[in-house]
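Here is a set of questions about how the labels given to this protein follow from the values computed for its atoms. Each answer sets a value against the definition it has to meet.

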Amino acid sequence: MRWLTLYARSRQVPASLAAVVISAVVVWALARDGGEGPGDPRLPALVLATGAMAASIGLSGQDLALDRTAAIRWVPRRAAHVLLVGAVVGTVLLTAQAMGEDMATTAFVVRDSAGLMGLVALGAALSGGQYAWTLPFAWLGFSFFAPPSTSVPMQVATWMLLPPGTAAGTWTALVLTVAGTAAYAVAGPRR
């Protein structure tokens, strides 16, 4: 159990979890004040992206050379880390919704949290844990200001705001989850 505590501390899990909870509470408070309406996907996408970005700092350790000397294989540990963080980010939003304001369906939360964590993991593999937040930030910013999605490429570009069950949104999230988790699990964070 001690190794798990040390691992969580080295990955800044307490600070990341605090940021995830605070962002969910702020969005919940905004939704209670009326916000954009119950069908608007921007607020739940914002809280999920904020949670994924806050957790991204934990995708790199204090010392990469020390991480590489561990006796336990890193591939399953890294994959589990990404998937567990995605589950925690989604659970925090669903818990905030249970306290009152219904912002998004469970399918929407699962799809977006998985896709965003895959995107963060891909960012960590490409540019390191300290810059892993840039991919979901840029993609969310584009999605907020993009024109309405009428074509399949535009639906792929705005996948995190599409209704659940939309094929382009679901497949994009699935590809990002699998590709990002696999790249991060095998290669680890970039130095």
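Accessible areas come from the Shrake-Rupley method with a 1.4 Å probe. By that method the protein, which is a predicted model, exposes about 9,700 Å², and carbon and sulfur atoms supply 71% of this area.

Q: What makes up the secondary structure of the protein?
A: The secondary structure comes to nine helices and zero strands, and the pattern along the sequence reads α-α-α-α-α-α-α-α-α.

Q: Why is R42 given the label it has, as judged by its relative accessible area?
A: Partly exposed lies between the 20% limit for buried and the 50% limit for exposed, and because the relative accessible area of R42 is 33%, R42 is partly exposed.

Q: What makes the contact of R42 and D40 a salt bridge?
A: The definition asks for a side-chain nitrogen of Lys or Arg within 4 Å of a carboxyl oxygen of Asp or Glu; the side chains of R42 and D40 meet at 3.1 Å, N to O, so the pair qualifies. Side chains of opposite charge can pair when their charged atoms come close.

Q: How many salt bridges does the structure hold, and how do you know that R111 and D112 form one?
A: The structure holds two salt bridges, and the side chains of R111 and D112 meet in one of them, with an N to O distance of 3.0 Å, which is within the 4 Å limit. R111 is buried, because its relative accessible area is 8%, and D112 counts as buried at 0%.

Q: How do you know that the span of α9 agrees with its number of residues?
A: The expected span is 1.5 Å times one less than the number of residues, so the 21 residues of α9 should span 30 Å, and the end C-alpha atoms of α9, being 29 Å apart, agree with that value.

Q: Which elements do the buried residues of α9 pack against?
A: The buried residues of α9, among them A168, L176 and Y184, pack against α5, α6, α7 and α8.

Q: Which residues touch the most other members of the largest nonpolar core?
A: Of the 38 residues in this core, L48 and L116 touch the most other members. The helix that gives the most to the core is α3, with nine residues. L48 touches residues including V89, L93, D112 and L116, when residues up to four places away in sequence are not counted.

Notes: Residues are numbered from 1 along each chain as its sequence is written. This is a predicted model: local features need pLDDT of at least 70, side-chain atom pairs count only at pLDDT 80 or more; totals for chains, interfaces and linings use all residues. Side-chain values use heavy atoms; hydrogens and water are left out. A nonpolar core is a set of buried Ala, Val, Leu, Ile, Met, Phe, Trp, Tyr and Cys residues joined through side-chain atoms within 4.5 Å. Buried means under 20% relative accessible area, exposed over 50%, partly exposed in between (1.4 Å probe, protein chains only). Helices (H or I, at least four residues) and strands (E, at least two) are DSSP runs, numbered from the N terminus. Contact means heavy atoms within 4.5 Å.
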